[in-house]
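Colleague: I am new to reading protein models. Could you walk me through one?

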Amino acid sequence: MDLHIPFPTAVRQYMDTDETLWARMVSFFISPPIVWGVWAYPVALHFASTPTRGIISASIFTGLICILPLILVAYRVKIGKIGDLHMRESNERYIPLGTAVFCSMIAWFLLNRFGSHPIMPLMAIIGGLQLFLVLVATFFNHVSVHAMAITSVTTATSFVYGFSVSLYLVPMILLVALARLVLNRHTPAQIMAGALIGVLTPIAVIAVSPLFTSF
């Protein structure tokens, strides 16, 4: 690959020779914390009564559900409890996933107390339930959290902005699935399991929510 970009020599050589770089870049930039964190802000701003309330609501959601669990993972990598940020071994996932579920409950409580639009506490419930399902599934198989996150956001987008808008995210689902396979991080069955959790959980939660009629 010929790059006409002023990258440092070492970086350019690394990019030229590493055939899986694109897959690792996809796995990083379309990772669960980034996907959920970025998605939370436009949704919160769309429904909030003021921009300030929207930003605060999104920050509560992102800080608790996306950033805090990621900090925990980074800390456990530093002390040697986890091999790397990707948590390649199933037993490395138990504490971070359990913590993320607990953080989702706190986010739901704080979002309600703050008076956020009901969509944000609902998203916290969806996130917490998905993480709990992945945690349970992890005791049996290494389910793809990447696939779960991007399909969850795509499904939720169809409720918030309409099905036609969510179609723009479908290529990202396919890209994530291919990247995880190229990196040999998951089997097709593990990716499918994560995708099913990501699709079915928002549908189930929104269907039983009083907000269902507003979508």
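This is a predicted model: local features need pLDDT of at least 70, side-chain atom pairs count only at pLDDT 80 or more; totals for chains, interfaces and linings use all residues.

Colleague: How many helices and strands does the protein have?

Modeller: Helices (H or I, at least four residues) and strands (E, at least two) are DSSP runs, numbered from the N terminus. Here there are 10 helices and 0 strands.

Colleague: Which residues have the most contacts inside the largest nonpolar core?

Modeller: In soluble globular proteins, nonpolar side chains tend to be buried together. A nonpolar core is a set of buried Ala, Val, Leu, Ile, Met, Phe, Trp, Tyr and Cys residues joined through side-chain atoms within 4.5 Å; buried means under 20% relative accessible area, with a 1.4 Å probe and protein chains only. The largest core here has 46 residues, and W36, F61, M120 and M123 have the most contacts inside it. Its largest share, 10 residues, comes from α6.

Colleague: What does M123 touch?

Modeller: Leaving out residues up to four places away in sequence, M123 touches W39, F61, A156 and I206 (contact means heavy atoms within 4.5 Å).

Colleague: And which residues of α10 are buried?

Modeller: An α-helix has 3.6 residues a turn, so residues three or four places apart point the same way. In α10 the buried residues include I191, G194, A195, G198, P202 and I206. The buried residues of α10 pack against α6, α7 and α9.

Methods
Residues are numbered from 1 along each chain as its sequence is written. Side-chain values use heavy atoms; hydrogens and water are left out. Buried means under 20% relative accessible area, exposed over 50%, partly exposed in between (1.4 Å probe, protein chains only).
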